[in-house]
Structures are given as structure tokens and as C-alpha cells.
Amino acid sequence: MKQKTRQERILEIKKKLLEQKRQILIEAGVMLSNLPSESNLSEIGDMASQEIDRSFLLRLRDRERKLLKKIEKTLEKIENGTYGICESCGAEIPIERLEARPVTDLCIECKTEQEEVEKLKES
């Protein structure tokens with residue numbers, strides 16, 4: 001059986017990203033239409049519970065918005081031929097890493113280094 005080329009595998013990643021983007025947009029539309037409204041709340045407890053739900057949904061939306069931006073950036077890189085190149089050191093990111101984490105823009109070494117710097121900042 002013929003092994004797929006890097007480019008063929010990147011095209012498969014692109015298809016998955018487009019589907020993921022479509023799914024996020026569909027869910028976001030459903031989620032926004034299901035945000036709790038302030039009407040018909042009789043008890044303070046109900047209002048507090050509903051505000052917690054609303055806050056959770058909006059936080060979730062923020063995470064999805066960030067993921068959408070990453071997906072858009074990744075799709076742009078695929079289109080202009082710069083996908084799979086580490087933004088830090090310029091090395092080619094192994095296709096296995098891209099398949100596991102399609103929106104990554106750093107190779108393992110640079111990502112590890114970035115995380116170590118972040119840990120030092122936190123301590």
C-alpha cells in the first residue's frame with residue numbers, strides 16, 4: 001500500500017480543520033440562542049443559578065473563539081504554504097505532531113522551551 005505524502009496528509013488535516021470550524025460555528029449559534037434570558041425568574045436562587053450558567057456559556061464561547069482564530073490562522077498557513085514550519089526556530093514540524101495537534105505552530109523542542117519559561121514566570 002502506498003504511503004501518503006506529507007502534502008496529502010496536510011490536506012487531510014485541512015479537511016478536519018474545516019469540519020471542526022463548521023461544527024464550532026454551528027454549536028456557537030445554538031449556544032447563543034440558548035443563553036438564559038432574565039425574564040420569568042421568580043426566585044433569587046433561580047437568578048443566581050442562571051447567571052452561573054450564563055457565565056459558563058460565555059467562558060466556553062471565549063475558548064471556542066480562540067480556537068476558531070487558531071483554526072483560521074492554520075488554514076491560512078496551509079493555503080500560503082507555510083504550514084508545518086516552527087514559528088520559533090523555522091524547522092519543519094513532524095507530520096505526526098501536526099496530525100495530533102493540527103493548530104500547533106511550534107515544534108516539540110520550542111514548545112517545551114516555551115512551557116519551561118512560562119513555569120519559571122509563574123514561580
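1. Ground rules. Because the model is predicted, local features need pLDDT of at least 70 and side-chain atom pairs count only at pLDDT 80 or more, while totals for chains, interfaces and linings use all residues. Numbering starts from 1 along each chain as its sequence is written, and side-chain values use heavy atoms, with hydrogens and water left out.

2. Overall fold. You're looking at 4 helices and 0 strands, in the order α-α-α-α from the N terminus. Helices here are DSSP runs of H or I with at least four residues, strands are E runs of at least two, and both are numbered from the N terminus. Of the contacts with a separation of 6 or more, 53% join residues 24 or more positions apart; contact means heavy atoms within 4.5 Å.

3. Surface. The protein exposes about 9,100 Å², with carbon and sulfur atoms supplying 54% of that area (Shrake-Rupley with a 1.4 Å probe; for residues, only the protein chains shown count as cover). Of the 123 residues, 24% count as buried. The cut-offs are under 20% relative accessible area for buried, over 50% for exposed and partly exposed in between, with a 1.4 Å probe and protein chains only.

4. The largest pocket. Its volume is about 250 Å³. A pocket is an open set of points on a 1 Å grid over the protein atoms alone, where a 1.4 Å probe fits and there is protein on both sides within 12 Å along at least five of seven lines; lining residues have an atom within 4 Å of a point. The volume is the space filled by probe spheres set on the points, which are joined across faces, edges and corners.

5. What lines it. There are 13 lining residues, and Lys70, Arg101, Val103, Thr104 and Asp105 lie nearest the centre of the pocket. By class, the lining has 3 nonpolar, 3 polar and 7 charged residues (charged is Asp, Glu, Lys and Arg; nonpolar is Ala, Val, Leu, Ile, Met, Phe, Trp, Tyr, Cys and Pro; the others, Gly among them, are polar). Helices α2 (44-80) and α4 (108-122) each supply at least two lining residues, and the largest share, 4 residues, comes from α2.

6. Where it sits. Domain 1 (7-34 + 50-83) and domain 2 (85-122) both give residues to the lining, so the largest pocket lies between them. The domain bounds come from an automatic or database assignment.

7. Ile71. This α2 residue counts as buried because its relative accessibility is 0%. Beyond neighbours within four places in sequence, Ile71 is in contact with Leu17, Gln20, Lys21, Ile24 and Val103. Ile71 and Val103 are 32 residues apart along the chain, yet their C-alpha atoms are separated by 6.1 Å.

8. Leaving out neighbours within four places, Lys77 has contacts with Thr82, Tyr83, Glu87 and Asp105. Arg9, in α1 (residues 6-33), counts as buried at 17% relative accessibility.

9. Ser88. This one sits in the loop between α2 and α3 (95-100) and counts as exposed at 53% relative accessibility. Not counting residues up to four places away, Ser88 touches Leu106 and Cys110.
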